Amino acid sequence: MKPAETVPGARSEKNTSGLVMRDVNLQIGDGEDVINALSEVSLIVEPGEFAAIVGPSGAGKSSLLAVAGGLTTPTSGTVMVAGRDMTVAGRRERTTLRREAVGFVFQSGNLIPALTAEDQLRLPVKFGGKAGRDPLELLAEVGLAEKAKRRPHQLSGGERQRVGIARALVTGPSLLLVDEPTAALDRQRSHEIVALLARETREHGVAAIMVTHDHDVLGHCDTVHEMVDGRLTRVE
Amino acid sequence: MFLALRELKFARARFGLMGAVVALIAVLMVLLSGLSVGLVNDGVSGLQRLPATSFAFERGVQHASAFSRSVVETSAVGTWAGREGVEDAAPFGNVLVNGRSGGGVEIDLALFGVEPGSYLSPAVDEGARLSDGAPAGIVVSRTAVEDGIRLGDTITIDRIGTELKVVGTLADQHTYGHVDVAYVPLRTWQEVHVGARPGDEVPERAYREITAVAVKGGSADLRAGDLAAGTESLTLEESFGASPGYSAETSTLQLIEVFLYAISALVVGAFFTVLTIQRRQEIAVVRAMGASTGYLLRDALAQALILLILSVGVGVAAGVGLGNLIGGTAPFALEAGAVAAASALLVLLGVAGALGAVLRITAVDPLTALGGSR
């Protein structure tokens with residue numbers, strides 16, 4: 001794996017298939033209460049690279065995910081995913097970009113209670129996502145071949161997180177954004193889940209960013225960055 | 001509808017409860033509709049089945065009691081008959097009496113006095129048409145037959161003792177103010193109206209008095225006719241308000257119906273509001289994944305529509321069944337049109353209530369799907 005690049009401009013525009021963030025600033029609030037959630041953040045994550053972001057609560061880690069995934073438009077700077085500009089103003093356009101280019105893995109899976117594991121994976125295609133992978137095949141890949149018909153309440157925490165990972169990958173996204181995947185899991189399950197994320201990232205050539213508090217699992221990641229007060233620095 | 005159907009199935013207990021409430025409201029709606037039509041029939045079917053389009057009453061008469069108070073001179077009939085746009089005009093009398101048949105059946109009757117040869121004289125189902133004579137031949141509503149009056153019976157009017165012979169029966173329900181209608185020859189009606197006993201000398205003026213001129217002619221200029229004849233016209237529809245109790249009954253029922261529609265819409269709206277608030281996190285996640293607002297709105301509305309159509313369908317079926325059971329004991333009549341309109345309105349207002357609720361989906365920020373972002 002190639003190392004990630006946090007020096008602005010070093011690898012320039014020819015890297016178009018992963019995530020490229022350059023000089024990104026994000027200010028939240030207005031008037032005198034403006035907070036710089038992101039300050040001059042630059043980050044490049046290549047396809048197949050698994051980057052971790054650590055840092056104290058409120059440092060801006062989730063803001064980074066929100067900006068990279070097109071949930072929030074940054075105050076300034078550029079964000080490109082697979083060569084597509086994520087900073088467009090229109091909500092509708094950003095929704096389309098998220099649907100087509102980004103996969104989210106949320107805390108504790110955040111699955112829909114009414115849907116079976118298989119249906120969780122079929123939903124993105126139903127609302128217009130491209131049918132990237134076969135849901136059952138993908139469930140088998142994350143070790144849940146036997147549990148495709150189960151609903152979230154019939155699954156363990158680790159199993160729910162596996163479904164969440166499979167759901168994020170089902171449309172074949174270019175960028176995988178993972179938010180505290182081990183928050184609700186014990187030590188052993190945490191390692192299994194992060195190892196699964198690392199494997200999927202490499203096998204499918206996805207650029208992945210994981211925000212975590214859990215320093216134990218950083219060994220599975222290619223690069224580690226630390227976020228403090230909205231500033232991102234490469235740790236290893 | 002991928003999500004909508006699966007959620008309906010998954011949370012069937014919750015949706016079932018909501019559906020039961022809507023179904024019960026639909027049952028009530030059907031029963032009220034039946035009662036409403038039944039009361040209208042009971043109150044004014046005798047008037048509805050008259051071939052007239054308007055009545056010319058005494059000028060200045062109280063509209064709410066026009067049929068019992070109005071007295072018009074027979075000469076007004078001729079004036080009206082000559083007006084432009086009037087196809088026909090005939091004298092009409094209306095008085096409520098108590099009577100007793102030869103068989104001992106006590107019956108209240110609304111005596112409609114009409115001239116035997118006029119356009120108001122009704123065609124009979126059985127027996128003969130209206131005729132003068134002694135005793136006078138009368139034609140009664142089918143509902144009087146159900147009350148025990150038979151063809152050939154002699155009905156004696158209480159107190160004055162006038163005898164009327166049933167010579168014909170009508171095919172349909174003809175009632176006025178919840179009382180069976182009996183058509184009597186105008187002369188007999190005029191004698192009864194002044195309270196003349198058989199054999200009494202009848203004052204000459206009695207034969208010049210009628211309740212109103214029944215006018216037929218959709219294009220007649222009523223105001224000009226009133227000026228010429230010295231009368232006050234009410235259209236047939238307006239005259240319904242002069243039937244005893246009619247306005248009070250129908251407006252009470254309408255008020256209940258309006259409240260039921262409002263309650264139904266509000267209950268459905270409240271249910272989907274709570275449901276949408278409960279689904280907030282889920283909606284945020286699905287929107288973060290790239291579902292458009294339109295998709296989620298369509299999905300939620302489809303869910304509401306399915307729930308409403310199913311529960312209104314069940315409720316209407318139960319209401320019609322129940323209505324057929326009570327049909328014999330109360331003024332109750334189900335009309336397909338009225339029931340269909342009530343069902344459609346329930347569904348429509350329910351959807352409107354649900355729409356107000358699910359619009360909250362648009363206010364859900366997909367950013368909240370990320371933990372710790374707030």
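Me: Hi! Strand S8 of chain A, residues 207-211: is it enclosed or open to the outside?
Reply: Strand S8 of chain A is largely enclosed by the rest of the structure, because five of its five residues are buried. Keep in mind that this is a predicted model.

Me: Thanks. Which residues sit on each side of S8(A)?
Reply: One side carries Ala207(A), Ile209(A) and Val211(A), and the other carries Ala208(A) and Met210(A). Every one of these is buried, which leaves both faces of S8(A) covered.

Me: And how many bridges join S7 of chain A to S8(A)?
Reply: Five bridges link strand S7 (residues 175-179) of chain A with S8(A), and the two run parallel. Within that pairing, Leu177(A) stands opposite Ile209(A).

Me: What about S3 of chain A and S8(A)?
Reply: Strand S3 (residues 50-54) of chain A is joined to S8(A) by four bridges, again with the strands parallel. Ile53(A) is the residue that stands opposite Val211(A) there.

Me: What actually holds paired strands together, in general?
Reply: Strands of a sheet pair through backbone hydrogen bonds, in either a parallel or an antiparallel way.

Me: Which helix makes a unit with S7(A) and S8(A)?
Reply: That is helix H6 (residues 187-204) of chain A. Together with S7(A) and S8(A), helix H6 of chain A makes a right-handed β-α-β unit.

Me: OK, new topic. How many residues are in contact between chain A and chain B?
Reply: 26 residues of chain A are in contact with 22 residues of chain B. On the chain A side, the elements giving two or more residues are helix H1 (61-68), helix H2 (91-101) and helix H3 (117-126).

Me: What classes of residue does chain A bring to the side that touches chain B?
Reply: There are 12 nonpolar, eight polar and six charged residues on that side of chain A.

Me: Now chain B itself. What is it built from?
Reply: Chain B has 12 helices and 13 strands. It is divided into domain 1 (2-43 + 247-369) and domain 2 (60-229). The centres of those two domains of chain B, taken over C-alpha atoms, are separated by 48 Å.

Me: How does the radius of gyration of chain B compare with that of a compact globule?
Reply: Chain B has 29 Å, whereas a compact globule of 374 residues would have a value near 21 Å. Along the principal axes, its C-alpha atoms fill a box of roughly 100 × 50 × 30 Å. Buried residues make up 45% of the 374 residues in chain B.

Me: Why does Glu201(B) count as exposed?
Reply: Glu201(B) counts as exposed because it has 6 C-beta neighbours inside 10 Å, and the cut-off for exposed is 12 or fewer.

Terms used
Residues numbered from 1 in each chain as written. Chains lettered and ligands numbered in written order. Predicted model: local features only at pLDDT ≥ 70, side-chain atom pairs only at ≥ 80, totals over all residues. Contact = placed C-beta atoms within 7 Å. Nonpolar A, V, L, I, M, F, W, Y, C, P; charged D, E, K, R; others polar. Buried ≥ 20, exposed ≤ 12 C-beta atoms within 10 Å, placed from the backbone. Rg over C-alpha atoms; globule rule 2.2 N^0.38 Å. Domains from an automatic or database assignment. Pairing = 2+ DSSP bridges. Right-handed = clockwise from strand over helix to strand, strands pointing away.
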